[in-house]
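This briefing is for a reader who is new to the structure shown below. It takes up model confidence, strand pairing and helix packing in turn.

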Amino acid sequence: MFNKNFFSLFILSFFSLSVSAQIGESVQKTYRVAIFSPLYLDSLFAEGTYRHGKAVPKFAQAGLHFVQGAQIALDSMMLSNTNTEVSFYDSKAYSENISHLISTHKLDSTDLIIGAVKDAEFSQLAAYAKQRNIPFISSVFPNDGGITENPFLVILNSTLKAHCEAIHTYLMQNHGTDKIILATSVGSQESKIAAYLQQINENEGKPLLNIREINYKDNFGTLASVLDSTRKNIIIGGSLSAGFTTDLLKTVYGFRKNYQVQLIGMPNWDGFSELRKPVYKDFSVMYTTPFNNTKNEILYRTLQNAYLRKFKGFPSDMSFKGFESVYIFTTLLSRYHEDFMSHLNDSYKGFNEYNFRPVFLSKKSIVPDYFENKHMYFMRIMNGKISRVK
């Protein structure tokens, strides 16, 4: 619902917050953090008047939730021997956009950038971070945006290739002797998934796993002809399409009485309601995700309680991302300002486990193209519920 907290939060976007040292401690330095989120303020307000009654439009909700989580993180932090000044920016602003902020030098004193941005805004901030040697934490965009040779870019929401790497490692460890089938279709994303798996599987010069690829242009009627009744059949759903997923799920579910089948999908499959329908009783579908939001119970309760008190509701996934991004990386900045990038995998953790590794897109590269979270959780959807695969 719409209330005064909504207005106060938008006003917050134009000012800075400070997180101060604990009482009695000498303050050594002030660090400045810039947080970018798509708030669409210029679309929501006309001549200072809010245009959408008592509701927040869906297109603005994700960015708002990210900022709410970030605000709660700042309210709960106590950083030793530092002042941290945090400025919020609307990444979808018309006039005060990222290009304007850069050209007018308003970001010149920034020590850390955290962004819930994608596409053009992602590229702009990544380029600026590289130019100024400023760490840029990309919190939500599961893509490298074509960025190369940028050792200051940190991707939390792992790329599609990283998910394929995790699936391949899982298969190597658990299903090396089983029948493995990549079911895919026509499309650019489908072609990428197939290419990633082939590249990973043949990285040592010869295939590590026997993966049979079957491309279905129209239907899955011939899938049964490649299944093996004498061993387990692992079927990788190589598509991000909801329609493809539904068709493949119905087909594979029909084989369960005559074959041992396990369906493994892509990271966005958790958002497909079809997988939770009760008609697929006692049939599990696995997928990978870098976010599980359960590791730190104290922080979990802190966010939930504060969100309920401030906003009369429960935090969304974007609120968790906003909270965690600010809590972890602002803390790291205060502790390791001179050597921030070397401490990405410090033991200071939030809701999720992370494993940041340098990515070299070319074997000839000397400088990392970026750093990426390689830690994946394997999740299982069964009987309408989601659980972690231990």
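**Confidence of the model**

The mean pLDDT of the protein chain is 89, and 91% of its residues reach 70 or more. The model is predicted, and two stretches call for separate mention.

- Residues 1-15 have a pLDDT below 50, and in the model this stretch has 34 contacts beyond near neighbours in sequence.
- Residues 20-24 also have a pLDDT below 50, with 13 contacts beyond near neighbours in sequence.

**Strand 2 and its partners**

- Strand 2 (residues 29-37) runs parallel to strand 5 (residues 82-90), and nine bridges join the two.
- Within this pairing, Tyr31 has Thr84 of strand 5 as its bridge partner.
- Strand 2 is also joined to strand 6 (residues 112-115), by four bridges and again in parallel.
- Here the bridge partner of Val33 is Leu112 in strand 6.

- Seven strands form an open sheet in the order 10-9-11-12-13-16-17, and their pairing is mixed.
- Strand 10 (211-215) and strand 17 (385-388) are the edge strands, each pairing on one side only.
- On average, neighbouring strands of this sheet are turned by 25° against each other, with direction ignored.
- Strands of a sheet pair through backbone hydrogen bonds, in either the parallel or the antiparallel sense.
- Strand 13 (residues 285-289) and strand 16 (residues 377-382) are an antiparallel pair with five bridges.
- In that pair, Tyr287 stands opposite Met379 of strand 16.

**Helices on the sheet**

- Helix 7 (residues 188-201) packs on the sheet and touches strand 9 (179-184), strand 10 and strand 11 (233-237).
- The direction of helix 7 makes about 150° with that of strand 9.
- Helix 8 (residues 242-253) lies across strand 9, strand 11, strand 12 (261-264) and strand 13.
- Helix 8 runs at about 165° to strand 11.

**Helix 3 against helix 10**

- Helix 3 (residues 58-76) and helix 10 (residues 317-335) have axes that come within 7 Å and cross at roughly 40°.
- Helix 3 is therefore oblique to helix 10.
- The crossing of helix 3 with helix 10 is right-handed.
- On the helix 3 side, the contact is made by Ala62, His65, Phe66, Gly69, Ala70, Ile72, Ala73, Leu74 and Ser76.
- On the helix 10 side, the contact is made by Met318, Ser319, Lys321, Gly322, Phe323, Ser325, Val326 and Tyr327.
- The residues of this contact between helix 3 and helix 10 comprise ten nonpolar, six polar and one charged.

**Helix 3 against helix 9**

- The axes of helix 3 and helix 9 (residues 297-311) come within 10 Å, crossing at roughly 110°.
- Helix 3 is therefore roughly perpendicular to helix 9.
- Helix 3 passes helix 9, too, in a right-handed crossing.
- From helix 3, the residues His65, Gln68, Gly69, Gln71, Ile72, Asp75 and Ser76 take part in the contact with helix 9.
- They meet Thr302, Leu303, Ala306, Tyr307, Lys310 and Phe311 in helix 9.
- The residues of the contact of helix 3 with helix 9 divide into five nonpolar, six polar and two charged.

Conventions: Residues numbered from 1 in each chain as written. Predicted model: local features only at pLDDT ≥ 70, side-chain atom pairs only at ≥ 80, totals over all residues. Heavy atoms only, no water. Axes fitted to C-alpha atoms, helices over the stretch in contact; angles between N-to-C directions. Parallel < 35°, antiparallel > 145°, perpendicular 65-115°, else oblique. Left-handed = near helix turned anticlockwise from the far one by under 90°. Contact = heavy atoms within 4.5 Å. Nonpolar A, V, L, I, M, F, W, Y, C, P; charged D, E, K, R; others polar. pLDDT = per-residue confidence, 0-100. Pairing = 2+ DSSP bridges.
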